[in-house]
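Take a look at the fold below.

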Amino acid sequence: GTVSASYALNDPIFIRRVTGGVGGEVSRSLVNVDKQNTIIETVKQAEDGNGMIVRLFENERCRGPVRLQVDFPITDAYCCNLLEENEEQLDINQNEVQLDLKPYQIVTLRLVPGAEAQ
């Protein structure tokens, strides 16, 4: 819980309610991972304007698969270097990508949204 507590203290989350859907207010997450040992550090527009950059890291000295889900359709996904240059194309399963993380590994992803998401 140390990492969560330090982020809550030093970098609080901004939350904005949105309305829509069947029940009025809905609770959704723009980007989500399925493992607690993976921290999403940065979500931002790519410097060249082509997609969204997601930077994440493993923080509990574990290795294994991680699924990253987004709340919009994506057409392309890439592992990038820190300069946001595409290095490896990732397979997309609907709005998810899967990657294998090593202990304390930092990963930068470029997610290119589908036309209906832009």
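Five strands make up an open sheet, in the order 2-3-9-5-6, with antiparallel pairing. Strands here are DSSP runs of E, at least two residues long, numbered from the N terminus. Two strands pair if DSSP finds at least two bridges between them. Strand 2 (38–45) and strand 6 (86–89) are the edge strands, each pairing on one side only. On average, neighbouring strands of the sheet are turned by 30° against each other, direction ignored; the axes are lines fitted to C-alpha atoms.

This is a predicted model: local features need pLDDT of at least 70, side-chain atom pairs count only at pLDDT 80 or more, and totals for chains, interfaces and linings use all residues. Residues are numbered from 1 along each chain as its sequence is written, and side-chain values use heavy atoms, leaving out hydrogens and water.

Strand 2 and strand 3 run antiparallel, joined by 7 bridges. Lys44 has Ile53 in strand 3 as its bridge partner.

Cys80 stands opposite Asn86 in strand 6.

What about the core? The largest nonpolar core has 19 residues. Such a core is a set of buried Ala, Val, Leu, Ile, Met, Phe, Trp, Tyr and Cys residues joined through side-chain atoms within 4.5 Å; buried means under 20% relative accessible area (1.4 Å probe, protein chains only). Leu56, Leu68, Val70, Leu109 and Leu111 have the most contacts inside the core.

Terms used:
Helix = DSSP H or I, 4+ residues; strand = E, 2+ residues; numbered from the N terminus. Axes fitted to C-alpha atoms, helices over the stretch in contact; angles between N-to-C directions. Buried < 20%, exposed > 50% of the residue type's maximum accessible area, 1.4 Å probe, protein only.
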